[in-house]
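This briefing is for a reader who is new to the structure shown below. Please keep the view open while going through the points.

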Amino acid sequence: MDLKTLCELNGPSGNEQPVRKYILEEAKKLCEDVRIDRMGNVICKKKGKNPDAPHVALSAHMDEVGFIVWGHTEDGMLRIRPIGGIDPRVVVSKWVLVNGETPGIIGAKAIHLQTREDRQKLLNFSSLYIDIGAKNKEEAMEKAPLASYASFVSNYEEFGEGFVVSKALDDRVGCYNLLRILKNDYPCDISVCFVNQEEVGLRGSTTAAYLVDADIAVVLEGTACNDLGDTPENQHILTPGEGVAVSFMDRASIADRDLFNSMLNIAKEHNIKAQVKRGVTGGNDATSFQLARGGAKTIVLSVPCRYIHSPSSVCNLSDVDSQYALADAFLNTL
């Protein structure tokens, strides 16, 4: 079980099977109560030593951003729409894999053929296509029928001082750390949830949260940094290498104040590097747990990621370890 393997698996929202298969095999080595719910989430349950301790759910999403084929041109190109939030400016000339087997390149009109007006327009997905080398529409439809999935092709590489670049760091970092959590025993009952379709509306976590009905939910995520270039320092959301991010609020949920303070205090007591997320951005599976049944106290622990939702996301491995360390230390306090 390693982060490289998890990141290089392809699992766009709605087509998480390769990731789910790998996680299922690894989870069964660590936990006796493992099942797949009707939505396709992997749910693992471990009993705690203290019957009076709260029941804690820990969640991370298996899916990644990607593309789906919605049409074919007469000359054999694939028309695509994004799955999840992808900036079209970062995808041109990138390799993809269609249905896990057919390589392709995302293309746009060459700069030599663009007018001045073309170069001033913001690129959009109606101007992009996937070239799989098909000679005509019929061959393209045979190799990549309507509703085919496409995923970025990107190698996991370590570089610099503790940095790594890969696709799908959001949220394979969380999945990796949940598998590490499953190796341990804790005072409290835990439900470890590997959920799907987060990138298209928190769909998997909606059913998982209802199913496990936990008292507390800790969501392990990847999140944006905004720390580059000429961005003023007071607008930096996070700094890679400075520890796991503890969020007080995002666009979908507000952290439980006691949990927020507890996480920061535990980090300080255990010398775990942590930072407060200095921005109210995005949304994640915490909202599903916060609203399910009678509700749950929620907190989000995120790994800062540069170039998120691209084929070349970047994070610092020390932050990945901090995310695990803080979640582990918190569970041991219950």
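How many residues apart in helix H1 are Lys4 and Glu8, and by about what part of the helix are they separated? They are four residues apart in H1 (residues 3-8), which puts about one helical turn between them. The model discussed here is a predicted one.

**Overall form**

- The chain holds nine helices and 17 strands.
- Its radius of gyration is 21 Å, close to the 20 Å that the globule rule gives for 334 residues, so the chain is as compact as a globular protein of that length.
- The C-alpha trace spans about 65 × 45 × 35 Å along its principal axes.
- Of the 334 residues in the chain, 53% are buried.
- Among contacts with a separation of 6 or more, 76% are between residues 24 or more positions apart.

**The eight-stranded sheet**

- Eight strands make an open sheet with mixed pairing, and their order is S1-S2-S12-S3-S13-S16-S14-S15.
- At the edges stand strand S1 (33-36) and strand S15 (274-276); each has a single partner strand, so one side of each has no neighbour in the sheet.
- On average, neighbouring strands of this sheet are turned by 25 degrees against each other, direction ignored.
- Helix H2 (residues 17-28) packs on the sheet, where it touches S1, strand S2 (42-46) and strand S12 (190-195). The direction of H2 makes about 165 degrees with that of S1.
- Strand S13 (residues 216-224) and strand S16 (residues 297-305) run parallel and are joined by nine bridges.
- Thr223 has Pro304 in S16 opposite to it.

**Nonpolar cores**

- The largest nonpolar core has 56 residues, and the members that touch the most others are Phe194, Val218 and Leu301.
- Leaving aside residues up to four places away in sequence, Val218 is in contact with Val56, Ala57, Leu58, Ser59, Met263, Ile299, Leu301 and Phe330.

**Salt bridges**

- In the whole structure, 13 salt bridges are found.
- Lys4 and Glu8 form one of them, with 3.1 Å between the closest N and O atoms. Lys4 is partly exposed at a relative accessible area of 38%, and Glu8 is partly exposed at 30%.
- Lys137 and Glu74 meet through their side chains in another salt bridge, at 3.7 Å from N to O. Lys137 belongs to helix H4 (residues 137-143), while Glu74 sits in the loop between strand S4 (66-72) and strand S5 (77-83), so this pair ties together parts that are 63 residues apart in sequence.
- The relative accessibility of Lys137 is 25%, which counts as partly exposed, whereas Glu74 is exposed at 62%.
- Arg180 and Asp321 form a salt bridge of 3.1 Å, N to O. Since Arg180 is in helix H5 (residues 169-181) and Asp321 in helix H9 (residues 317-332), the pair ties together parts that are 141 residues apart in sequence.

**A loop residue: Val280**

- Where is Val280 found? Val280 is in the loop between S15 and helix H8 (286-291).
- With a relative accessibility of 36%, Val280 counts as partly exposed.
- Val280 touches Phe248, Met249, Asp250 and Arg251, when residues up to four places away in sequence are not counted.
- From C-alpha to C-alpha, Val280 and Asp189 are 31 Å apart in space, and they are 91 residues apart in sequence.

Definitions and conventions
Residues are numbered from 1 along each chain as its sequence is written. This is a predicted model: local features need pLDDT of at least 70, side-chain atom pairs count only at pLDDT 80 or more; totals for chains, interfaces and linings use all residues. Side-chain values use heavy atoms; hydrogens and water are left out. A nonpolar core is a set of buried Ala, Val, Leu, Ile, Met, Phe, Trp, Tyr and Cys residues joined through side-chain atoms within 4.5 Å. Buried means under 20% relative accessible area, exposed over 50%, partly exposed in between (1.4 Å probe, protein chains only). Contact means heavy atoms within 4.5 Å. A salt bridge is a side-chain nitrogen of Lys or Arg within 4 Å of a carboxyl oxygen of Asp or Glu. Helices (H or I, at least four residues) and strands (E, at least two) are DSSP runs, numbered from the N terminus. Two strands pair if DSSP finds at least two bridges between them. Axes are lines fitted to C-alpha atoms, for helices over the stretch in contact, and angles run from 0 to 180 degrees between N-to-C directions. The radius of gyration is taken over C-alpha atoms; the globule rule is 2.2 Å times the number of residues to the power 0.38.
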